[in-house]
Amino acid sequence: MSRQKAVYASKIKRAVHMLFYRRHKKPGVKGWELRKALGADYPKVLSILDEYLKPLDLQVKMVFEEEKPHSEKLMPEEMDKARFYITLRGDLTPKEAKMVGWRIDDLAGLAITIAYIISKRGKAPRREVEELLREKLPGWKASLNIDRYIRYGYISQDENEQLYLDWRTMAEVDQKALIDLLLSK
């Protein structure tokens with residue numbers, strides 16, 4: 001093995017350790033943490049790792065928690081602010097979805113919440129989402145589920161009780177596929 005291959009193999013191993021093991025409340029790692037641990041060429045390391053993960057139906061995903069830069073080619077400073085983590089590349093079967101640890105009605109509530117926020121152009125009053133969930137789920141679960149979705153990073157809430165899609169929805173949910181699926185039924 002050439003020296004360069006050995007260096008990249010070592011960096012990929014460190015990247016796997018950082019991305020797979022949760023160290024903070026939120027999964028994944030910030031770009032600046034990867035740059036500090038792997039060096040300035042961490043995007044190349046992640047690209048190689050992504051190729052290794054492809055046969056396992058996994059991918060390295062980059063998500064911006066704040067406003068996403070508008071340029072196609074990202075500057076290193078912009079990538080430092082992004083969060084990187086491992087997600088599924090494909091879809092879960094209904095049988096596999098049970099292994100996620102959430103009840104199927106909680107997953108359905110999350111899908112309803114995300115679809116409703118998307119239909120309202122990215123923000124919706126919490127009161128309206130709770131009313132919608134009460135029509136589909138037991139009433140006592142509506143508020144609890146919204147709090148859970150906020151806690152897990154799927155939606156966020158501002159001081160005016162407006163709900164928004166949060167970084168985890170951006171990373172894990174194919175919004176176009178969700179809307180297409182809901183409209184086709």
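Seven elements, namely α1 (3-20), β2 (58-63), β3 (83-88), α5 (94-97), α6 (104-119), α9 (167-172) and α10 (175-184), each supply at least two residues of the lining of the largest pocket. The model in which this pocket is found is a predicted one, and the pocket itself holds about 1,500 Å³ of space. Its lining is made by 39 residues, of which Leu88, Leu92, Leu107, Glu172 and Val173 are the closest to the centre of the pocket. Among the contributing elements, α6 gives the most to this lining, with six residues. When the lining is sorted by class, 27 of its residues are nonpolar, five are polar and seven are charged.

Two of the residues that are among the closest to the pocket centre, Leu88 and Leu92, also take part in a feature of the surface, where together with Val100 they make a nonpolar patch of about 240 Å². Val100 is placed in the loop between α5 and α6, and both of these helices are among the elements that supply at least two residues to the lining of the largest pocket. With a relative accessible area of 46%, Val100 counts as partly exposed, because that class covers the values between the 20% limit for buried residues and the 50% limit for exposed ones.

Seen as a whole, the chain that carries these features has ten helices and six strands, and its C-alpha trace spans about 60 × 35 × 30 Å along the principal axes. Of the 185 residues in the chain, 38% are buried.

Asp57, which is found in the loop between α3 (42-53) and β2, has a positive phi of about 65 degrees although it is not a glycine. Asp57 is partly exposed, its relative accessible area being 31%.

The other residue is Arg121, whose phi is near 60 degrees, again a positive value in a residue other than glycine.

Key:
Residues numbered from 1 in each chain as written. Predicted model: local features only at pLDDT ≥ 70, side-chain atom pairs only at ≥ 80, totals over all residues. Heavy atoms only, no water. 1 Å grid on protein atoms, 1.4 Å probe; cavity = no way out; pocket = protein on both sides within 12 Å on 5 of 7 lines; lining within 4 Å. Points joined across faces, edges and corners; volume = space filled by probe spheres on them. Helix = DSSP H or I, 4+ residues; strand = E, 2+ residues; numbered from the N terminus. Nonpolar A, V, L, I, M, F, W, Y, C, P; charged D, E, K, R; others polar. Patch = residues over 30% accessible without salt bridge, like charges linked within 9 Å, V, L, I, M, F, W, Y side chains within 5 Å. Areas by Shrake-Rupley, 256 points an atom, 1.4 Å probe, with all protein chains shown as cover. Salt bridge = Lys/Arg side-chain N within 4 Å of Asp/Glu carboxyl O. Buried < 20%, exposed > 50% of the residue type's maximum accessible area, 1.4 Å probe, protein only.
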